[in-house]
Amino acid sequence: KTVFFRKDYKAPEYSIEKIDLNFQLYDTKTKVTAISCVRRNNKENRSPLILNGENLQLISVKIDGNVLSSSEYILDNTSLTVLTPPAVFELEIVTEIYPQENKALEGLYQSGPIFCTQCEAEGFRKITYYPDRPDILAVFTTRIEADVEKCPVMLSNGNLIETGSVEEGGRHFVVWKDPFPKPCYLFALVAGRLSCVNDEFITSSGRAVDLKIYVEEKNLNKCDHAMVSLKKAMEWDEKTYGLEYDLDTYMIVAVDDFNMGAMENKGLNIFNSKYVLTSPETATDEDYIGVEGVIAHEYFHNWTGNRVTCRDWFQLSLKEGLTVFRDQNFSAEMNSPTVQRIKDVQILRNFQFREDSGPMAHPVRPETYEEINNFYTVTVYNKGAEVVRMVQTLLGREGFRKGMDLYFHRHDGQAVTCDDFIAAMADATGTDLEQFKNWYCQAGTPVLEVSSHWEADSSSFHLTVTQNCPDTPGQKGKNKKPFHIPLALGLMTENGKDLFGKNGCKTEILHLKEQKQTFTFTNIAEKPVVSFLRDFSAPVDVKTFQQDEELAFLMKYDSNLYNRWESATRLSASTILDVVRQLEKGTPIQFNELFFDGVLHSITEKIEDPALLALALELPPETALALQLDSVDPDLLFQGRTIIKRELATRFQNEFLFLYINNQEAGKYRISPEAMGRRRLKNCALSYLMSLNPPQDKFLQLCIDQFSKSANMTDTITALRLISHHPGTTRDALFTDFYRKWEHDSLVMDKWFAIQAMSSHENCLSTVKHLLSDRLFSMENPNKVRALIGAFSSGNHVQFHAINGEGYSFLADMILQLDSINPQIAARLVSPLTNWKRYEKRRQILMKKELERIAKKPGLSPDVSEIVNKSR
Ligand code: B3K
Ligand code: ZN
């Protein structure tokens, strides 16, 4: 195995100024000719030129037109080394590749009949021999030649400069040139039978940009929302950061087989069709929001990623953390800031905290990796975004903007590091960010403990905060340096007033820099209620320090809407975990009445934002609750959560029914934040009504009616999901109905698979196994794998963790099978097994056994091997 270290970075020995690529696409093979202008950076030493290459059939190598003999280079499975090249020369390499056989979906492959590429992080080496590293920036010219019938559309980065037919019958060619030097991971090619939706955007300086979304013809009517989102994103980046688009055309292509969400290739984004196609009948509100967010994310990469790129892959968060931060702010402005913030925090809490506390924990800027594809993680992306958000909190919005301006001014056209980003932020504002940089190199979620003390005599209030960071792989907690943590704080009176009020700002930012620090506030005439870490101002785990009374108060009255949700969630989590503990002990169940009072208050008060109410009513998922237990028994956890859900449903049946009826669609279906919020609340209420035990026929009927009458997928799929937990002929009939109606829509069918995989019923696994042989399922399609296997193992806590261990062995079987098809996807599936230490003894043994079994497979991919070996 090869291990890469950040400290080993060396500047490249050779640069490539330009590369001309020629692709000749055929049914069974593709011929690639690459002609590069190469220059040695170091004048003195005549070092060899090392090119990366994998799964390539080498046909010939030439230097300045002369064929190299086999003694002039060394060829192995992963590289081609030219032994003594001149200082400046033209390198011509001809290779053959086989996109039809490429099921790993990296490099050039086919999604159905469509040719497309995925080069980030290291896919370009599966196209031709090349120094495949992000700090080599070249100007790309791409000629593509293919059959006119099969590939009427042929695309690459930049501008189309030539088209024509070739002598060989029935074939044609195009030539694209991208004027911006770029690393090869941003290269893209698409060829196939595609239709296109056109629009135009006029930039703030008055340039017209052609916008094109390419899809299969049958999907032409599902591109509106993507196009509107793209235009909103372009406008937002001009308004917020003064950043204009820089080419004459911006193209998006949707394909069905894609390892991730989308890819920001210069001028030619390639998308998983899930993040392009929408219509009210086929896409849920969540899908609409997802499309808007991902379209924006890839667009924002044009500046944060493409114009300024990463020096090496350890710096991945430089572009990803920053771009996630940008898309989060965009979505917040397009929808509701508080709702967006809550969703951002949920991702962090439910996924990143788990990663940070497990065997794969790594800093935002990792120090080492075996397979870089394993580091496209919630830590690099979402914790990375939190780190950028803290910079903005420390600098203020204006200061942050100055920092961004300086960053682009200094580094446009360069490949840089996270340190360069922080330096620009510090220099632009004269802020000392040295200690802040610890966020980039120390893994683990800092734990904060808070205590407070009010002195009536002196009218002063003291708040003491300590920070500790747990051990993470390779880093002992006791050796970690304190973080610079911005704490957004509010102090409130018992009748709900904020005590700060400078310039209308009710929140103060405290700087926690030491391991233990006390903050003193004077002129505090009554004992205040602390509203801590408002808007989740830092990615830390705050140990609950407040009495339930205070949480219940904050849940109702905190002027910071985010913190209202925070308190509600804390209270519901502790109420559930209380029940779990009582179940464990076998003592009679007693409920925390304060929680129920709080809920009643929320559902009977005037509703300001239906989405916020829905978010407060939705109980935390088992995976998030599990993080708060030392030794998880998934059955008790499920039971405890269900008891609370049912208790709420029983007590507030009438209120939920009222919410359900009152939040029905009035008039035309809309996708506005308001309408989406109402649907969420209505469906949340229905979910409570459907959780009653024994089930009530009238609510079941409500659910069935919603299923059959609804014309939008949000309502349809919610009804189907709620019924999925109630096996029987009704359920089966609805699933069959749905299948017949949607079997021709692959994205809709993903939902059909996922819902069945997440049923809490105990025959779930046997259903999942059965569905593996459904004709619409395919191990070669990542969306299907995620929908069935992924949903079961990461979205069905209680069934995946069934005590017979069958969930674990099923997942291991699937990983082993997938490993020889698509290692990237196989590696992603391992995650639910890696946290075995969190579970009770019997499950630990069962989970570990499966990890061992996977590890033993001969020829296991580096992707799966890294994760399995680090976790066992
Ligand atoms: N940059 C790509 C991710 C590539 C993942 C490669 N394994 C998508 C994105 O973050 O925008
Ligand atoms: Zn990204």
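Author: In this predicted model, helix α19 passes helix α21 in a right-handed crossing. Two packed helices are described by the angle between their axes and the distance between the axes. For α19, which spans residues 746–757, and α21, which spans residues 782–795, the axes come within 7 Å and cross at roughly 10 degrees. Because angles under 35 degrees count as roughly parallel, α19 is roughly parallel to α21.

The contact can also be followed residue by residue.

A second pair of helices may be described in the same terms. Helix α8 (residues 548–557) packs with helix α9 (residues 561–585) at an angle of about 140 degrees, and their axes are 7 Å apart. The two helices α8 and α9 are therefore oblique to each other. Their crossing is left-handed. On the side of α8, the contact is made by Asp-548, Leu-551, Ala-552, Leu-554 and Met-555. On the side of α9, Asn-563, Arg-564, Ser-567, Ala-568, Arg-570 and Leu-571 take part. The contact of α8 with α9 has 6 nonpolar, 2 polar and 3 charged residues.

The protein is divided into domain 1 (1–193), domain 2 (194–307), domain 3 (316–441), domain 4 (454–546) and domain 5 (743–872). Taken over C-alpha atoms, the centres of domain 4 and domain 5 are separated by 41 Å.

The shell around ligand 1 includes Glu-120, Ala-121, Met-260, Ala-262, Met-263 and Glu-264. Also among the surrounding residues are His-297, Glu-298, His-301, Glu-320, Asn-373 and Tyr-376. Two elements give two or more residues to this shell, namely strand β20 (262–263) and helix α2 (285–300). By class, the shell around ligand 1 has 5 nonpolar, 3 polar and 4 charged residues. Ligand 1 lies between domain 2 and domain 3, because both of these domains give residues to the shell around it.

Definitions and conventions
Residues are numbered from 1 along each chain as its sequence is written. Chains are lettered from A and ligands numbered from 1 in the order in which they are written. This is a predicted model: local features need pLDDT of at least 70, side-chain atom pairs count only at pLDDT 80 or more; totals for chains, interfaces and linings use all residues. A residue is near a molecule or strand if its C-beta atom, placed from the backbone, lies within 6 Å of it. Helices (H or I, at least four residues) and strands (E, at least two) are DSSP runs, numbered from the N terminus. Ala, Val, Leu, Ile, Met, Phe, Trp, Tyr, Cys and Pro count as nonpolar, Asp, Glu, Lys and Arg as charged, and the others, Gly among them, as polar. Domain bounds come from an automatic or database domain assignment. Axes are lines fitted to C-alpha atoms, for helices over the stretch in contact, and angles run from 0 to 180 degrees between N-to-C directions. Angles under 35 degrees count as roughly parallel, over 145 as roughly antiparallel, 65 to 115 as roughly perpendicular and the rest as oblique. A crossing is left-handed if the near helix is turned anticlockwise from the far one by less than a right angle, and right-handed if clockwise. Two residues are in contact if their C-beta atoms, placed from the backbone, lie within 7 Å.
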